[in-house]
Amino acid sequence: MSINNYLYLSAILFTIGAVGVVVRRNAIVVFMCVELMLNAANLTLVTFSRINGTLDGQVVAFFTMVVAACEVVVGLAIIVTIYRSRRSASIDDASLLKR
Amino acid sequence: MVTNNGLVYLIALPLFGALSLLLLGRRADKWGHLLATALSASSFAVGLLQLSQMLGRATENRPVTQKLFSWISVGSFKVDASLLLDQLSICFVLLITGVGTLIHIYSISYMSHDHDRRRFFAYLNLFIAAMLLLVLGDSYLNLYVGWEGVGLASYLLIGFWNQKPAYATASKKAFVMNRIGDMGLSFAIMIAFASLGTVSFTGVKEHAHHASEATMTAIGIMLLVAAVGKSAQFPLQAWLGDAMAGPTPVSALIHAATMVTAGVYLIVRSNFVFDAAPTAQLLVVIVGAITLMFGALVGTAKDDIKKALAASTMSQIGYMILGAGLGPAGYAFAIMHLLTHGFFKAGMFLGAGSVMHGMNDEVNMRRYGALRKFMPITFITFGFGYLAIIGVPPFAGFYSKDMLIETAFNSGGTKAILLGSTALLGAAITAFYMTRVMILTFTSTKRWDDNQHPHESPILMWLPMAILAIGSVTSGFLLSRGSALKNWLEPLFESHGEHEELLSPMVVSSLALLMVALGVAIAVMKYQLSDVDAVAPQDVSIFTRIARRDLLQDDINEALFMRPGQVLTAALVKVDESVVDGAVRGIGQMAISSGSTLRRTQTGFVRSYAMLILVGAAVLIAAIWVVTQ
């Protein structure tokens, strides 16, 4: 199996994630799509690490996971807070800053 | 030329007085006036010393100089701050310090009730120093410093009582109108520097012969503008009447005896310029002739004693300018009239001050009358000045004015007859309005209220008046005896061919006396022998009304300069608001409107932002891909 297939997979995952972020309204789903994109990027990094025979890409992938974990904490906290105050998890309802 | 290191003291003494009185402030209140008077007197003493030394030298060695410091040195252009004392300057030095000292003495008493007397004396000393610098400068640039200095002192002293808005306005008016003349002087200096490369009197004199006549005419006309502004000549005469707002000693010193005659000094000093520029010289004569009639006519209608005297000053300076415009024949007589006028006009102004002092500062002559009994000394001293100005022999004005009329008649051509007749007619009108002043003030019936208590002034006031009165009696005779002043000043001027004699001195004198008698007779009939109203009658002819309004000089200035000036400033304000402010505001408006347009892209929807980021990233990657391919 060609190693390129990993890259194709990651591209497909990233596209699914990006489309999900743009088209879905539910904050939780958008959030999960963001995670999908991050993991697609991680897969690419690991693949390139494998191709080049170095560990750099894998190290960066760990950093990405840490960042993703932090982001989950902050993001979920925001989503829960918004849900509490506005009784809605739709991200289109949280458009107060334009005024 | 002989160097003399004592010249600087002439200026330094009064300048020291002015500075110390101003810097010490209230601490000098008790003795400031005494210091100022002493310094002015010591400057006079230095002047006398210089005169005695000058008399001891041969004619060609009489002028002395002193170099103070090197002022401007740029390439080939060098101007030293140097003083020059010659036969002409010494006349002025003695007049300025002599009359100045007398007026200092007078002011001690006149200003004794003013809590700001020290400041007054500081300004007086400042004036003396500036005026001395004016007449002692050896170049036009040095003269210019003094010229501006006397303008400043005049402004400060006219507005001395600037708590009254009208007085403050009068001082501003004098300052602004003088500024026009000052522009003329600075232009003359610039033209002289640009075309002759020098601004010193000797330098310009050397070039006067081989420079083009157009250059000399331009310099001459600009110098005339300067003289017209400073000496209140037509058409810049409007400030002198209002300048009477200053304390009376100021009117006597600055606006009668010395500063206003600086224009005559400038023209006589620049004799080499005017001798080389006949057109400019003709203009000088015309200005002098117009002003001598103008001042005389205004003088006939004024009820304010100081304004009547101011109009008379204007007219008498017109005589001097006329004389100075007649060329080498008239220079000495212009200076002689200037000196005698310095005595009698200063004396009369001090007399007017003495009358005001005794009449609770009333200036309206229609509220005077019969003051001869109450102020005998003022009456006698004023009377001597009066006899001098109308030209009764053997008083001073007779000699000097007669000479001017005679020179005008003998200057050749139809011009001579015109000028001579104007001067003669001026003499008649002078006799009329001065007799009017005399009668209204001293001899006619009493027209003041019973709560006025006219009284003679203290000795400190009448003593200077008496000394000036002696000058009014004797100076004409002394200066003209054996052509003393003419011979004294002769070396400074180009010699000139004698003109044909149109009228002999005897004829001129008798004509002048006839005119004077006529003027006096009319005034006596009109004011002495018939009753005078205490309030100026309003049902008078249009001519009287115009003369009361100073021959419409203010109205003309207003219509010609002030109104168009206001329109111009209003237009400029509009341009400033619409164009300049418009551009500035437009830029701000542009930033705001472009900002509010761009704001629309911020929808607040997270998904559209995500879309933009995505598209942006795609475009960026595509761009990198295109570039790297």
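Trainee: How many helices and strands are there in chain A?

Mentor: Helices (H or I, at least four residues) and strands (E, at least two) are DSSP runs, numbered from the N terminus. Chain A has 3 helices and 0 strands, and its elements run α-α-α from the N terminus on. Please note that this is a predicted model, in which local features need pLDDT of at least 70 and side-chain atom pairs count only at pLDDT 80 or more, while totals for chains, interfaces and linings use all residues. Residues are numbered from 1 along each chain as its sequence is written, and chains are lettered from A and ligands numbered from 1 in the order in which they are written.

Trainee: What radius of gyration does chain A have, and what would a compact globule of 99 residues have?

Mentor: The radius of gyration is taken over C-alpha atoms, and the globule rule is 2.2 Å times the number of residues to the power 0.38. For 99 residues a compact globule would come to near 13 Å, but chain A has 17 Å. Along the principal axes, the C-alpha atoms of chain A fill a box of roughly 50 × 25 × 20 Å.

Trainee: What percentage of the residues in chain A is buried?

Mentor: A residue is buried if 20 or more other C-beta atoms lie within 10 Å of its own, exposed if 12 or fewer, and partly exposed in between, with C-beta atoms placed from the backbone. In chain A, 13% of the 99 residues are buried. In chain B, buried residues make up 51% of the 629 residues.

Trainee: What else describes chain B as a whole?

Mentor: Chain B has 24 helices and 3 strands, and its C-alpha trace spans about 115 × 65 × 60 Å along the principal axes. Of the contacts in chain B with a separation of 6 or more, 81% are between residues 24 or more positions apart. For chain A, 47% of the contacts between residues at least 6 apart in sequence join residues at least 24 apart.

Trainee: How is a pair of packed helices described?

Mentor: Two packed helices are described by the angle between their axes and the distance between the axes. Axes are lines fitted to C-alpha atoms, for helices over the stretch in contact, and angles run from 0 to 180 degrees between N-to-C directions. The axes of H16(B) and H19(B) come within 9 Å and cross at roughly 30°. Angles under 35 degrees count as roughly parallel, over 145 as roughly antiparallel, 65 to 115 as roughly perpendicular and the rest as oblique. H16(B) and H19(B) are therefore roughly parallel. Residues making this contact include Phe384(B) of H16(B) and Trp462(B) of H19(B). By class, the contact has 8 nonpolar, 4 polar and no charged residues.

Trainee: Are H16(B) and H18(B) roughly parallel or roughly antiparallel?

Mentor: The axes of H16(B) and H18(B) come within 9 Å and cross at roughly 170°, so the two helices are roughly antiparallel. Among the residues in contact are Tyr386(B) of H16(B) and Met434(B) of H18(B). This contact divides into 8 nonpolar, 1 polar and no charged residues.

Trainee: Which backbone features deserve attention?

Mentor: Most residues other than glycine have a negative phi, and most peptide bonds are trans. The bond from Phe234(B) to Pro235(B) is cis, with omega near 5°, and Pro235(B) lies in the loop between H8 (213–230) and H9 (238–242) of chain B. Another cis bond joins Pro393(B) and Pro394(B), with omega about 0°. Pro394(B) is in the loop between H16 (376–390) and H17 (396–409) of chain B.

Trainee: Where is Arg87(A) found, and is Arg87(A) buried or exposed?

Mentor: Arg87(A), whose phi is positive, near 55°, is found in the segment after helix H3 (56–86) of chain A. Arg87(A) counts as exposed because it has 8 C-beta neighbours inside 10 Å.

Notes
Contact = placed C-beta atoms within 7 Å. Nonpolar A, V, L, I, M, F, W, Y, C, P; charged D, E, K, R; others polar.
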